[in-house]
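Welcome! Please take a moment to look over the sequence and the fold, and then we can walk through a few parts together.

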Amino acid sequence: MKERSGSRAAVDERYAQWKSLIPVLYDWFANHNLVWPSLSCRVLVRGCACGGSRSVAWLTDGSVPNTLVIANCEVVKPRVAAAEHISQFNEEARSPFVKKYKTIVHPGEVNRIRELPQNSKIIATHTDSPDVLIWDVEAQPNRHAVLGATESRPDLGLLASTVCQILTGHQENAEFALAMCPAEPYVLSGGKDKSVVLWSIQDHISALGDSSSSPGASGSKQSGKTANEKESPKVDPRGIFHGHDSTVEDVQFCPSSAQEFCSVGDDACLILWDARTGTSPAVKVEKAHSGDVHCVDWNPLDVNYILTGSADNSVRMWDRRNLGSGGAGSPIHKFEGHKAAVLCVQACQDNMFWSPDRASVFGSSAEDGFLNVWDHEKVGKKKHSNVPAGLFFQHAGHRDKIVDFHWNSSDPWTIVSVSDDGESTGGGGTLQIWRMSDLIYRPEEEVLQELENFKAHLASCTPRN
């Protein structure tokens, strides 16, 4: 008990120091206390560079159903927010910049959310079952979690929202590994059955679009009936891929192909797959890490690079050109800056705003409560011996493990992150939306010149004696 109290005191001291630096480190920041814990968050872009929707999953204690919450979030334009405003917030309060737009009652826990890049109103969710659920969030009616309804299951009739499609194929629960393809409407999943399963929802996209055209449509073709999962069409897989020896923890598509993808798992393996050549691994890297591999991401700006994060506290970058068919090959670099298991890694997502040299930038979050932003091009250019190679920003606004985060593709350098720190905040967890100061990531010469110009401006404004 004394050790836990000391650890909590250290976290609180670190947090207080971080909070005092918000006006220096951030251009924008919003803190939103959640009612219930959340395991996943995503940015669903709605055509507004300074706004958009955030999708958050809430896990309840059973007194109310589990829900998928869509919120409209206001993000202030760069260099507009006053420093004193973004640093003044109450950790136990809801942010005025986060407004709940829609609640979808979900059948079971919402462990993972992923959106279809071609149409972000279509999302996939993982729950505590073998199936993947497909939703059209615009077509779903706004429902309210009813106190006393102890389970949010489809067979509860009017209580549960209607699932648009159910993707079947896993033999055991598939809870976390989930991806949607940026090239075509394909879905990928991994589970406890050690398999990776691939689906195409191409034939169902037009049906979803038709069903959402009428107000209050729920995606079910049987109008006038109780919303029930049994009415939702089931989709069989295009392929089931075997090669892992333990639970598959994460999957990711190659950004340029629906037929190429990768997976990682508790067997510490990184596997590359090519559906055109069969259901066996194209490349299998044994012992990619010294512990379970929790997450993987494929760089959207340079498809040669793949990131993995592990329970060994490290993030590793791989060049698939260096990986032989026998799995031979070493990572380009091992990024070490976390003090606990890495839970999420993600390369920068923005093709529209970022030049190709941003392909070297990525983020990682871990159980230590930090979200690190790295730049591979800075490796070998260390200026401080106590700073891990490649690390150039560390977000320390969460006080417990950061379970998920997502770059905003329409608002450069803006990130949404969610943590399981309800014990510290008096709620279910914390959702934060933030953008680091551009003085941190812009070229050093450019920043120094701007500061010099500002210094000269201040001097010219100073009254002379």
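## Reading strand pairs

Two strands count as a pair if DSSP finds at least two bridges between them. Please keep in mind that this is a predicted model.

Let's zoom in on one pair. Strand β21 (residues 314-319) runs antiparallel to β22, and four bridges join the two. Here V315 stands opposite F335, a residue of β22.

In soluble globular proteins, nonpolar side chains tend to be buried together. The largest nonpolar core in this model has 39 residues, and W18, V373, F392, W413, I433 and W434 have the most contacts inside it. Strand β1 (residues 26-34) gives the largest share of this core, five residues. Another core lies apart from it, with 16 residues including A177, A179, V196 and L198.

Which residues does W434 touch, leaving aside its neighbours within four places in sequence? They are Y26, W28, F29, L371, V373, F393, H395, W413, T414, I415 and S417.

## A look at L431

L431 is found in strand β29 (residues 429-436). Is L431 buried or exposed? Its relative accessibility is 2%, so L431 counts as buried. F405 is 26 residues away from L431 along the chain, and their C-alpha atoms are separated by 9.5 Å.

Methods
Residues are numbered from 1 along each chain as its sequence is written. This is a predicted model: local features need pLDDT of at least 70, side-chain atom pairs count only at pLDDT 80 or more; totals for chains, interfaces and linings use all residues. Side-chain values use heavy atoms; hydrogens and water are left out. A nonpolar core is a set of buried Ala, Val, Leu, Ile, Met, Phe, Trp, Tyr and Cys residues joined through side-chain atoms within 4.5 Å. Buried means under 20% relative accessible area, exposed over 50%, partly exposed in between (1.4 Å probe, protein chains only). Contact means heavy atoms within 4.5 Å.
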